Amino acid sequence: MAVADEVAKRAVVTKQNTNGASASLHQAGTNGQSASNDGQIERQRLRLMLLIRRFEERTYQEYSTPRIFADGSKEVKIGGFLHLYSGQEAIAAGTAALFDKSRDYLITGYRCHGASLALGMSPHVAMAELFGRATGCSKGKGGSMHLFDAKVGNLGGHGIVGGQLPLALGTAFAQSYKKTGGVTFCFMGDGAINQGTFNEALNLASLYKAPVIYIVENNGVAMGTQVERHSAEKDLAKRACGYDMPCRNVDGNEIDTVIAEFGKAVDRARAGEGPSYLVANTYRFRGHSTSDPLKYRSKEEAERARQRDPIGLYEARLRDKGLLSDEQLEAITSSVNEEVEEGIRQAEADPNPPLEARFDDALAEKYPYSPK
Ligand SMILES: Cc1ncc(C[n+]2csc(CCOP(=O)(O)OP(=O)(O)O)c2C)c(N)n1
Ligand SMILES: [Mg+2]
């Protein structure tokens, strides 16, 4: 397909706003600027972070509560592992403020719910995917680690740690080769920088001047192993110093800082000057996955982190600036709660994919283990 067609198609999709998200909530390309001085854009950003948090916390409940049928039998609602994003919201929401759905890409690891909601996936479509419903973004066959929406440039969640880094190099190379002006945002965890793919991808990205931004969501721990125990160099920004690209630490809990710092990298990439590497320092409030008893974390550490909750920090800033009243916050919170509850209700009522469709969309033309 010609590049122009592809870009035009994505621009139309953006306007229609796929997956049920309302157009005003997730505007592309606001570039960190306030469109008006009444704080509307800022409150939309706060709403997005609250939406992600609410979705994640309700997802945790849904994961832990089995579905009970009329005959008394039970089944789990969400199969497999579940990695929640609570605490890291400013990174996804800040990226969304810079993201242009008509030409940019975002690719991430398995902790992908926040990024997908930030790019406009509705709680209904995301929860339907988690429940394995046919209406999910991957028709119920990807699950929690694989939320995708390629039409808006969401190239999804990837389960192999570090697997998305060379893929991001590939999409960024395509963007520069085809001169789309697009940028690829590649999220990874702090653990992913210890993978071999990190060296291969960053080295080539710099040589090619690829328009990719490698963003480490440094939540201080890879499963249960703290950065101090998994990285010889404790300052993770220095880990990319050998690749001739800007390397910076960023306060990943401050959405305004995220927008400003990521924005510089976006400008550089769009100007054809090449990649950047940013370490967004943050914290995850929940365990690695829902099966994590969090034994490696002290109560004091968790309490300290709560003081720097990205939502609380932003709420306080908006109040200080006179951009948020109690009534406005209450209205935002109840509309978020309603949107998430309605999404869960719809996902619960949706059908499972039909059995005949189980091998559709599979890469292999012949599935080697097909039942006879
Ligand atoms: C190649 C590979 N090795 C190991 C794993 C198992 N694994 C899953 S998550 C994880 C830790 C990754 O931590 P980090 O990159 O910091 O991301 P976070 O979970 O903190 O978001 C590991 C080792 C995997 N999925 N892929
Ligand atoms: Mg981590």
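Modeller: Start with helix 9 (residues 255-270), which lies across strand 6, strand 9 and strand 10 (276-281). Helix 9 runs at about 170° to strand 10. This is a predicted model, so local features need pLDDT of at least 70, side-chain atom pairs count only at pLDDT 80 or more, and totals for chains, interfaces and linings use all residues. Residues are numbered from 1 along each chain as its sequence is written, with chains lettered from A and ligands numbered from 1 in the order in which they are written.

Colleague: What makes a run a helix or a strand?

Modeller: Both are DSSP runs, numbered from the N terminus: helices are H or I with at least four residues, strands E with at least two.

Colleague: How do you know that strand 5 and strand 6 pair?

Modeller: Pairing takes at least two bridges found by DSSP. Strand 5 (residues 184-189) and strand 6 (residues 212-218) have six, in the parallel sense. So they pair. One bridge joins Gly-189 to Glu-217 of strand 6.

Colleague: Why is helix 2 called roughly antiparallel to helix 11?

Modeller: The axes of helix 2 (residues 40-64) and helix 11 (residues 310-320) cross at roughly 155°. Axes are lines fitted to C-alpha atoms, for helices over the stretch in contact, and angles run from 0 to 180 degrees between N-to-C directions. Under 35 degrees counts as roughly parallel, over 145 as roughly antiparallel, 65 to 115 as roughly perpendicular, and the rest as oblique. Therefore helix 2 is roughly antiparallel to helix 11.

Conventions: Two residues are in contact if their C-beta atoms, placed from the backbone, lie within 7 Å.
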